[in-house]
Amino acid sequence: MLEETIEYWKKQTKTSYGYYIEDVPKENEQQIKYIQQIFETGISKLEEDEHIEKKQEIDYKKFKDNLFIKVYNKWWIYSFIDTNIDYFQENENNPSLVLFYEFVTKQSNIDYSLGKLAKKFLTFLYKKYNISKETDKILKQIVYNNFIKGNLFIERSDIKRYENKYPEIMQQIYKSNLIINKNGKYYFINRYIYLYIAINEVDKNDYNLIEIIENWETYESNNEYIYENIDYLKQRIFEVYSAINRQKFNEKYVITALKCFTDNVQRMSKSKDKMKIARAITNMISWEIEIDKKFNVRSQFYHTYTYIPVIDFVMGIFVETHIALLDYAIYQKELYKKCYDYEEEVYRLDFEKIIEDKKLRDICSNIKVWDYLYDIYTESIKAIEKLQKDIKTDMCNIAKESFYKKYYI
């Protein structure tokens, strides 16, 4: 089975258009460490603040503000308290926030981990609103049917069909706020719960996750419901799946993607030489970097393999876009002579051409472009070895610290 999947993935490529480098986050490591240190104590304090519950009027804004600094790096928890969304006015209380407050203050021994929090919250919600097995079944259908289309909202035509067929069940779902109708738009209680339910359905029915999310690429351009960078969303999905069923996710997706990538590199390079491996990766992905007069950078890639987002998940970077964060500006004068496009008034760095030009090749060597590409390959080899020792290893962003320290990206 593994060999068949690898052969299938090796042949799969997709066309992409690149991303502006402003989309790639630069994280403050010191701030992250600070948040990690205070997070658990902050959550405990929330559970101990019984006097908040006794107030007749609950200050949800204060609750949200107090929690924000402790959880902003824990996206799945922040998903409950995020009120910075179009369908709420500033003074309105998001039902997700209200229910999360009740959940936090009335529950004990809460596991806030990515894999366990949603299950605990849904158990609380199902009990509070007496959600039946039939309602649960219909909810999962709605979530999964939207997930396979890449919808983060629910299309009105879809919801009306369910309302006509299951009016009582839909009323129970609305009452519980699992699906919310706001100004004629229907959306899920929050991103984390939505993904948790969808990925559980994918896992239970053994659907092909890669095929599902790649189908979004053809659907995205005409889909008003996708309102965030799809690559970030893919990483969230992988994180949730890994938390729900790590062994299966590693077996079916991570080790398969790593093997596909390294096998392709080895086949094309036929060597362990750094430059030949870098050349192979360049030929696989076909990079170009566009830089304007102010040295704003855009990374573009004309084709890539469908398994690259899984490599991103392991590396902790966006392989295809972080290459543009390397310091090309220090060679602006040399790049002007070799790569400036006078008609478009931009520098155009085509790596397939650069690799054939000794001067440009040396510049990229000094910037560590080839080291960067080589490290993606060697870190993939190390990751395979880790999985061979223990298939249940958490592979999320295992090389991130290494890349950030070495390349300052």
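Reader: Which residue's side chain does Asn-190 join through a polar contact of 3.1 Å?

Author: This is a predicted model, in which local features need pLDDT of at least 70, side-chain atom pairs count only at pLDDT 80 or more, and totals for chains, interfaces and linings use all residues. Residues are numbered from 1 along each chain as its sequence is written, and side-chain values use heavy atoms, with hydrogens and water left out. A polar contact is a pair of N or O atoms within 3.5 Å, where within protein one must be able to donate a hydrogen and the other to accept it, and residues adjacent in sequence count only if both atoms are side-chain atoms. The partner of the Asn-190 side chain at 3.1 Å is the side chain of Ser-96.

Reader: Is Asn-190 buried or exposed?

Author: Asn-190 has its place in the loop between β5 (185-188) and α11, and its side chain also reaches the backbone nitrogen of Tyr-192 at 3.1 Å. Buried means under 20% relative accessible area and exposed over 50%, with partly exposed in between (1.4 Å probe, protein chains only). With a relative accessible area of 5%, Asn-190 is buried.

Reader: Which residues is Asn-190 in contact with, leaving aside its neighbours within four places in sequence?

Author: Contact here means heavy atoms within 4.5 Å. With those sequence neighbours left aside, the residues in contact with Asn-190 are Ser-79, Phe-80 and Ser-96.

Reader: Which residues of α7 are buried?

Author: Helices are DSSP runs of H or I with at least four residues, strands are runs of E with at least two, and both are numbered from the N terminus. What covers the buried residues of α7 includes α6 (95-106) and α11 (191-205). Those buried residues are Leu-117, Ala-118, Phe-121, Leu-122, Phe-124, Leu-125 and Tyr-126.
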